[in-house]
Structures are given as C-alpha cells and as structure tokens.
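Work through the exercises below with the sequence and the model side by side, and try each task before you read its solution.

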Amino acid sequence: MQTISIIGGTGELGSGLALRWAKAGLPVIIGSRDADRAAEAANALNKLAGNDLARGMDNLAAAEAGDIVVMTVKFSHHRATLEQLKPALAGKILVDTTVPLVPPKVARVQLPAEGCAALIAQKILGDETTVVSAFQNVSAASLQHDNGPKSDVLVAGDDPDARETIVQLSNAAGYKGWHAGPLANSAATEALTSVLIFINKRYKSNHTGIAISGVDH
Ligand SMILES: NC(=O)c1ccc[n+]([C@@H]2O[C@H](COP(=O)([O-])OP(=O)(O)OC[C@H]3O[C@@H](n4cnc5c(N)ncnc54)[C@H](OP(=O)(O)O)[C@@H]3O)[C@@H](O)[C@H]2O)c1
C-alpha cells in the first residue's frame, strides 16, 4: 500500500486529510519543520483514527519516506519548502493543495503572474516530479466530521495516470474526485477558493464547497 506523506501535516488542512486517510486504512506520515511536533500530531491522530497508521517526521524525512507527497503549507512558504524538498521529490507525485491567497483580501481572486501555485510548483521541481493539484476547494473544517458537508475535488495534472491516482485518493478521503484537465486548469480551482471564502463570509459558514452537476459519476 502506498504511503502518503503530508508536508505541513500539523496544520488545518493537512491534519484533516491525514485523519481521513488514516481512517480509510492508508499509512500516513505527518511532516513538520519539527520532528517532535510531527510525532505528537501522529500520536493524536492514531488515537482519533483508532489505529496505528500514522507516523511523524520532519518534512524532509517525510518527503523521502512517502510514495505520494501532499503539500499543505501556506503560499508564503510554498517556494522555500519546495526548494528544500526538491531532491526528495524526484520520481514522485507531489499533490499541491496551495491556494495563492494574498492577505488581507483573501475573498478576492489574485492569482500569481506565473498562472497559479501548481504551475509554480512544477517549475520549481522540474520534470522529475509530477505535480497534481487537488483539495483547494475542501474546507479543513469539513474534514473533521465524517457526516459533514462534502465538496467535490477537482484534480488537475498533465499526467492522466497520476491524476487518476489522486482522484482515487480523494475518494478514499470520502470526497468525490474529478479529472479536471491539465495542471494549468488549477488556476480555476485555486481562484474558486476565494469565491468560496466570499460565500462563507456572506452566508455565515466555514465549510462551503463545490459539487459538479449534470453527469453521473
Ligand atoms: N485551511 C483550509 O481550509 C484549506 C482549504 C483548502 C486549501 N488550503 C491550503 O492548504 C495549505 C495549508 O493551509 P492551512 O490552513 O492548513 O495552513 P496552516 O494550518 O496555517 O499551516 C500548515 C502548516 O504549515 C507549517 N508552517 C508554518 N510556517 C511555516 C514556514 N515558515 N515554513 C514551512 N512550513 C510552515 C506549519 O507546520 P509546522 O509548524 O509543524 O512545520 C503548519 O501546521 C494552504 O496553502 C491553503 O491555501 C487550506
């Protein structure tokens, strides 16, 4: 079974995804800048999930040990973290969840000049790593409740096999994954998050999401 490493896995989105995958029986590594913090988070996760599938490591060790590596740090730490981990990511899928928000106006779409965060990741990592974009429209709050509201997951990437792997991983987390086209389409997914943040504020929620309609899947 493939091991999933989560960089920044002590955070809101990372810990929620880790919980979902551990509950689904998948081995998970929590990555942190601090190995002790990662170990504490993994112990807490094992108690919540009722098994022993999570381990904690510093981010570099986590990237080395994982088969699939999921990036869950803020956009302000995206480049530096990827540059640090680049050698460990060669030959692997890097799942980028990053939304390039520009505080304080996080409810306004403000994509980077390069197009989107996922394209920046692919440029930093080069051809040896396959970047797939996913989970930007999943609220961390929704991951904590098994029966809570769910968003569909748009999965963008240039390699259809890698995309399929992450569609399956979305399904394993209890969400519905969709092939959403090439990595450049991540611009739409990333932009959509600011729309959801606006809707959250306007309608007083913390867990709005998206649902694809008009097709059985
Ligand atoms: N929160 C959501 O609902 C949500 C939804 C969709 C997408 N996202 C995306 O997911 C990513 C993570 O968001 P989040 O809300 O989970 O973030 P978060 O909780 O604020 O942070 C995630 C982790 O980043 C690490 N971190 C903090 N400062 C860092 C630094 N200087 N360098 C490297 N790592 C650092 C921390 O781990 P350690 O201190 O243990 O290293 C922290 O636990 C973002 O890109 C966001 O756009 C979030």
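Predicted model: local features only at pLDDT ≥ 70, side-chain atom pairs only at ≥ 80, totals over all residues.

**Exercise 1.** Find how many residues surround the ligand and which are the closest.

*Solution.* Residues are numbered from 1 along each chain as its sequence is written. Next, helix α1 (residues 12-23) supplies the largest share of this shell, three residues, where a helix is a DSSP run of H or I with at least four residues, numbered from the N terminus.

**Exercise 2.** Describe how α1 and helix α2 (residues 35-49) cross.

*Solution.* The two axes, which are lines fitted to C-alpha atoms over the stretch in contact, with angles from 0 to 180 degrees between N-to-C directions, come within 10 Å and cross at roughly 45°. That makes α1 oblique to α2, because the angle is neither under 35 degrees (roughly parallel), nor over 145 (roughly antiparallel), nor 65 to 115 (roughly perpendicular).

**Exercise 3.** Decide which residues of helix α5 (residues 117-125) are buried.

*Solution.* Calling a residue buried if 20 or more other C-beta atoms, placed from the backbone, lie within 10 Å of its own, we find A117, A118, L119, I120, A121, Q122 and L125. Seven of the nine residues are thus buried, so α5 is largely enclosed by the rest of the structure. Finally, α5 is followed by G126, whose phi is positive, near 75°.

How values were computed
Buried ≥ 20, exposed ≤ 12 C-beta atoms within 10 Å, placed from the backbone. Helix = DSSP H or I, 4+ residues; strand = E, 2+ residues; numbered from the N terminus. Near = placed C-beta within 6 Å.
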